[in-house]
Every structure is written in structure tokens, then in C-alpha cells.
Amino acid sequence: MLFKNACIENSTQLQDFRVEDGLFKEIGNLTQAEGEEVKDLEGKLVLPPFIESHVHLDTCLTAGDPVWNMSGTLFEGIECWSKRKEKLNEDDIRERVKKAVQMYAAHGVQFIRTHVDVTDPSLMAMKTMVDLREELKDVAEIQIVAFPQEGILSFPKGKELLTEAVKMGADAVGAIPHFEFTREYSVESVNFAMELAYKYDKLVDVHCDEIDDEASRGLETVATRALELGLFDKVTASHTTAMHSYNNAYVLKLMRLLKMSRINFVANPLVNTHLQGRADTYPKRRGVTRVKELLEAGINVSFGHDDIFDPWYPLGNGNLRDVVFMGLHVCQLMGYEDIMNSYRFITHNAAKTLHITDRYGIEPGKPASFVVMDATDYYDALNRNAKCMASYMKGGKRH
Ligand code: FE2
């Protein structure tokens with residue numbers, strides 16, 4: 001099939017591309033072959049599919065059930081969730097996750113990395129998500145992070161549960177060093193998670209320093225172990241909000257290690273702007289990691305939604321444009337080029353985070369997965385909150 005007149009990734013010249021056997025065959029100024037089906041895209045923006053690089057699907061779509069978070073704080077969120085947890089079962093998770101993935105798909109999202117809480121002796125959410133990953137594979141490719149929400153060392157049998165979740169088929173190993181009881185547990189938890197990933201050849205995605213405590217330094221351990229074990233860009237540090245509060249002298253030293261380690265970062269601008277800085281009076285910290293400085297150092301950063309309509313974040317409909325929109329404001333990335341290229345936070349940069357660049361992107365030979373936006377370029381798409389007109393996965397129209 002031949003697609004004519006596409007603005008591919010903000011290109012100034014309109015281009016055509018041919019799709020054959022589910023792959024991009026060629027891109028350029030192409031003529032219709034005999035009997036070939038043609039679709040005229042009339043100058044619309046074509047991007048590789050959007051990627052959600054950080055979400056918790058097991059808690060999504062539960063806001064207000066059974067109670068609303070009235071203060072909006074993290075702690076009241078935990079109280080609300082403990083009430084909601086009483087009616088958590090397999091059917092409940094299945095129903096909500098399927099709905100959320102369809103919501104994402106309608107906005108052109110085809111890849112989702114979800115963290116799943118494994119500090120549960122029954123590992124029910126984990127088992128359910130492993131099934132759903134297979135069941136929903138034609139809607140979105142789901143990556144599962146075994147996420148020890150209540151700690152690895154600080155939760156009974158935390159190490160065993162994390163190991164079991166990896167054996168059940170998690171794609172990535174998680175950790176939450178800032179939540180562990182002590183600094184020693186924090187370091188040991190990261191060491192344990194990284195060695196587990198190394199042993200089972202898994203990716204790593206750590207909830208790292210999601211706290212406004214400038215003394216929270218899980219990141220240096222994550223980066224050091226990524227370097228020493230040779231895991232490099234298979235490792236991701238999510239949130240790293242404490243880095244917002246680190247002193248500049250320490251950040252200067254840390255940057256060298258971060259560059260050497262080649263790890264990825266995920267910032268979650270919606271949720272961390274909303275939840276961080278709650279212990280501050282004024283000035284009130286923004287609570288998002290140093291995105292601009294990381295990018296300037298050549299370090300990969302993608303953006304995630306983190307929570308969708310749950311006790312910790314009461315809004316969200318699966319449209320990653322909102323994440324980018326907030327991220328650009330809060331990280332002061334509002335220059336013309338910053339805005340034009342900001343789709344990369346939820347496309348190419350996120351593909352690096354998910355470690356899928358070998359099968360991602362609009363290039364001959366790669367799977368013909370792409371979205372068509374009702375816009376002339378991404379600046380226009382972002383500014384007008386343009387609709388995703390179509391989403392093709394491996395050559396097939398999904399939406
Ligand atoms: Fe998270």
C-alpha cells in the first residue's frame with residue numbers, strides 16, 4: 001500500500017512511503033505501482049507510534065472508588081488505595097487494564113511499560129498482567145516491571161516475591177530505594193534488583209528517589225551498578241525527583257557517572273508536579289528531575305503519565321500530549337525547537353527507555369507502525385491538542 005503526501009516527523013517536504021508485508025518498504029517521492037492501493041494523507045503529520053514509558057496499570061481508573069482523595073496528597077492516596085485494595089480481584093484488574101489500554105490506543109499509543117506491584121504474597125496483579133500482555137498484544141505491546149511498591153528489604157519476603165515475579169515473566173526488575181527503611185537497605189535493594197536482572201537477562205526500571213529529600217541518593221547506586229554489571233542502557237531511573245533538590249556541586253560530580261553509565265531517565269511531569277513539594281511552604285519546589293540538564297549532557301529522558309485517574313492522580317484519559325504539555329512548562333523547555341521536537345519524549349526517547357529501537361521508527365525494513373495526526377507538524381499538534389486520526393500497527397489499521 002502506498003501512502004502519499006505525509007509530513008513525516010516535521011519534515012518540510014511532503015513524502016510518500018510504501019508498506020509491504022507489514023514493513024516500511026521505501027520512503028521518498030514514489031509512484032503508484034499497478035493495482036496498488038493508495039491513501040493520500042494530504043500533508044498530515046506522521047509519527048512513529050506513541051510510547052507510554054511509565055504507568056501503573058494495576059491501579060488505573062480507580063479514582064473516587066470507594067472514596068475520593070480530598071487533599072490530593074500522596075499519603076491520602078495511600079489511604080484511599082488501601083480501601084480500594086479490599087475489592088481487588090483478577091476480574092477487576094482485567095476490566096480496568098483493558099479499558100485503559102484501549103484509551104491509550106485511541107490516542108495512538110502502541111507500547112506501554114507498566115509497573116505492577118509485587119509486594120503481594122499472592123502476586124495476583126502480576127499473574128493477571130502476564131495474561132493481559134498476551135491478550136492485548138494486537139492493541140499494544142506491554143512491558144511489565146516487577147515493582148516492589150513496599151520495598152525489597154522492608155517487606156516480608158520481598159526478595160522472594162521479586163524473584164518469583166521475574167520467573168513468572170516480568171520484562172524488567174524494579175526497586176524503590178527511597179522507600180526502604182534505612183540507607184543500608186536502600187543500597188542493598190538496588191544491588192539485589194540489579195543482580196537479579198543480570199542473572200535473568202532482564203531490563204531494570206527503578207522508582208528512584210521519588211521524594212523531596214535532597215539526601216536521597218539511590219541514583220548513584222543505580223548508575224554505578226549499571227556501569228559495573230555492563231547493563232548500561234538496559235537500566236532506567238524513573239522519577240529521580242530528589243535530583244531537583246541536590247546541590248549543584250554534587251550534580252556536577254554525578255553527571256560524569258550518569259554519562260558513563262548510559263542509563264535512561266523517565267520523568268513524570270503531571271504526577272510529580274502534583275505530588276511533590278507538599279512539605280514545602282514557599283518557595284515550593286516543582287519536584288521534577290533536571291530534564292534540561294540531562295538532555296544537554298546527552299542522557300536519554302522520556303516522559304510518562306505514571307498514574308491515570310487513580311488515588312494519586314485524579315485526571316488522565318490516555319493522551320500523552322498532556323504529559324508533554326506539562327513537561328515543557330515545568331522543565332522550561334518552551335523554545336521553538338524544544339516544542340517542535342517534544343514528541344521525542346513519547347516516541348524515540350521512550351523507545352530507548354523500553355529498549356525497542358531495533359524494531360521502532362519510520363525506516364525501510366522496520367515494522368510499519370505509525371500514527372497520523374490531524375496537524376501539519378508537532379508544534380501544531382501539541383498546541384491544538386490534535387486528534388490521532390489513525391494508528392497503524394505492523395501495517396494493519398488499528399484505530
Ligand atoms: Fe511510578
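This is a conversation about reading a few features of a predicted model.

Biologist: Before we start, what should I know about the numbering and the pLDDT limits?

Modeller: Residues are numbered from 1 along each chain as its sequence is written, and side-chain values use heavy atoms, leaving out hydrogens and water. As the model is predicted, local features need pLDDT of at least 70 and side-chain atom pairs count only at pLDDT 80 or more, while totals for chains, interfaces and linings use all residues.

Biologist: Let's begin with rings. How many aromatic pairs are there?

Modeller: The general idea is that rings of Phe, Tyr and Trp (its six-membered ring) pair if their centres lie within 6.5 Å; planes under 30 degrees apart count as stacked, over 60 as edge-to-face and the rest as tilted. Here the count comes to 15 aromatic pairs. Phe 3 and Phe 17 are stacked, because their ring centres are 4.9 Å apart and their planes lie at 10 degrees.

Biologist: Where in the chain do Phe 3 and Phe 17 sit?

Modeller: Helices (H or I, at least four residues) and strands (E, at least two) are DSSP runs, numbered from the N terminus. Phe 3 belongs to strand E1 (residues 2–8) and Phe 17 to strand E2 (residues 15–20), 14 residues apart. Ring pairs also join Phe 3 and Phe 17 with Phe 24, Phe 370 and Tyr 392 in a cluster.

Biologist: What kind of pair do Trp 81 and Trp 312 form?

Modeller: A tilted one, at 6.0 Å centre to centre with 50 degrees between the planes. Trp 81 lies in helix H1 (residues 74–85) and Trp 312 in the loop between strand E13 (301–303) and helix H10 (321–330), so the pair ties together parts that are 231 residues apart in sequence.

Biologist: Is Trp 81 buried or exposed?

Modeller: Buried means under 20% relative accessible area, exposed over 50%, and partly exposed in between (1.4 Å probe, protein chains only). Trp 81 has 10% relative accessibility, so this residue counts as buried. Trp 312, at 9%, is buried too.

Biologist: Now the surface. Which residues gather in a patch of negative charge?

Modeller: Patches are made of residues with over 30% relative accessible area and no salt bridge, joining like charges within 9 Å and nonpolar side chains (Val, Leu, Ile, Met, Phe, Trp, Tyr) within 5 Å. A salt bridge is a side-chain nitrogen of Lys or Arg within 4 Å of a carboxyl oxygen of Asp or Glu. The negative patch holds Glu 90, Asp 91, Glu 95 and Asp 131, and its largest share, three residues, comes from helix H2 (residues 90–106). Glu 90 is partly exposed, with a relative accessible area of 39%.

Biologist: Which residues make the nonpolar surface patch?

Modeller: Leu 74, Phe 75 and Ile 78 make one of about 300 Å². Ile 78 lies in helix H1 and is partly exposed at 42% relative accessible area.

Biologist: Finally, the backbone. Which peptide bonds are cis?

Modeller: Most residues other than glycine have a negative phi, and most peptide bonds are trans. The bond from Asp 65 to Pro 66 is cis, with omega near 0 degrees, and Pro 66 is placed in the loop between strand E6 (50–55) and H1. Another cis bond runs from Tyr 282 to Pro 283, where Pro 283 sits in the loop between helix H8 (269–275) and helix H9 (291–296).

Biologist: What is the phi of Phe 309?

Modeller: Phi of Phe 309 is near 50 degrees, a positive value in a residue other than glycine. Phe 309 is found in the loop between E13 and H10.

Notes:
Accessible areas come from the Shrake-Rupley method with a 1.4 Å probe; for residues, only the protein chains shown count as cover. Lys and Arg count as positive and Asp and Glu as negative; His and the chain ends are not counted. The place of a charge is taken as NZ of Lys, CZ of Arg, CG of Asp or CD of Glu.
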